[in-house]
Amino acid sequence: MNPDSLQLLQPADKDLGGGFKVRRLLPAAKRRSVGPFVFFDHFGPATEQPGNAHDVRPHPHIGLATVTYLFEGAMMHRDSIGSVQEILPGAINWMTAGRGIVHSERKPERLLDASYVNHGLQLWCALPQAFEETDPSFEHTAASDIPETVVQGVPVRVLIGTAFGLTSPVKTFAPTLYLDIALPAGEWFELPALAREMAIYVVEGDVMLDGAPVAEHTMAALADNTGASLEAQTAVRLVVIGGDPLDGPRFITWNFVSSRRERILEAGADWKAQRMGHVPGETEFIPLPEHPFGNAQPDVKTTPT
């Protein structure tokens, strides 16, 4: 692939409250989606101390699936359909919001008085239009159930989708790809075209991609239906995301994703009136922002095919 065709995305730092900062790669001005992925946050590595207030209070979603993956640390997931799950490194946690779900992400009680490092990724997949109003659900796939292999001397975990003869047990609504690759120092890796749209995000280290440097915390979106050659001078941790393009434009406003703007407005009104459900045992919640609906155009557009 011609290095000039690479689309490089730089992170935008976001403070989610209490000093908890993330690097946001999607959506970006240059690129709104990669396959079904419309949102990409990288948080940490950050040391959690006793007394830190980095909990994410109950908040709603519609029209998407959240995908949470930790490299280090732990988070406690609770939601309005009764799911309670401690999220641990190496596992995939897929929450389908569909017609609406409310969830919280908090420090596990067993770690309230501990110091530990939290480091991971949270992504959103826009649901296909036929499934935007599906029933909400939550699926946890343990780290031990994620298929792993060694390709060209490089360890690869197939978090979601099919690659290198392995298929993840994580169920999706559309062709989706998510890989975790640990590239040893001095190694080359030929990444084939595993999906119609693909992007590489460098979690740790710097990599050469088709001879072009891609720095740590940078996302490189590849040309459609192409792979790439990767070379690491030092050890590199990266993920690959991708899949089929979206089946139409999407609105993204606050925590809501939909192909219909009126549905976004309806969800906002429902949350403001507290009609979207409650997380059992939780009394706090994140209120609707004062002016969340000023954008009259879809925030995410499909890539022409």
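**Exercise 1.** How many nonpolar, polar and charged residues does the lining of the second largest pocket have?

*Solution.* The model is predicted: local features need pLDDT of at least 70, side-chain atom pairs count only at pLDDT 80 or more, and totals for chains, interfaces and linings use all residues. Residues are numbered from 1 along each chain as its sequence is written, and side-chain values use heavy atoms, without hydrogens and water.

Step 1. A pocket is an open set of points on a 1 Å grid over the protein atoms alone, where a 1.4 Å probe fits, with protein on both sides within 12 Å along at least five of seven lines; lining residues have an atom within 4 Å of a point. The lining here consists of Trp94, Thr96, Ser137, Glu139, His140, Thr141, Pro169, Val170, Lys171 and Phe173.

Step 2. Two elements give two or more residues each: strand S9 (92–96) and strand S12 (137–141). S12 supplies the largest share, 4 residues.

Step 3. Sorted by class, the lining has 4 nonpolar, 4 polar and 2 charged residues. The pocket holds about 170 Å³ of space.

**Exercise 2.** Characterise the aromatic pair of Phe164 and Phe189.

*Solution.* Step 1. Rings of Phe, Tyr and Trp (its six-membered ring) pair if their centres lie within 6.5 Å; planes under 30 degrees apart count as stacked, over 60 as edge-to-face and the rest as tilted. The whole structure contains 9 aromatic pairs.

Step 1. Phe164 and Phe189 are 6.0 Å apart, centre to centre, with 70° between the planes, hence edge-to-face. Phe164 lies in the loop between strand S15 (162–163) and strand S16 (166–167), whereas Phe189 belongs to strand S18 (residues 188–191), 25 residues apart.

Step 2. Buried means under 20% relative accessible area, exposed over 50%, and partly exposed in between (1.4 Å probe, protein chains only). Phe164 is therefore partly exposed, at 25% relative accessibility, and Phe189 is buried, at 0%.

How values were computed: Grid points are joined across faces, edges and corners, and a volume is the space filled by probe spheres set on the points. Ala, Val, Leu, Ile, Met, Phe, Trp, Tyr, Cys and Pro count as nonpolar, Asp, Glu, Lys and Arg as charged, and the others, Gly among them, as polar.
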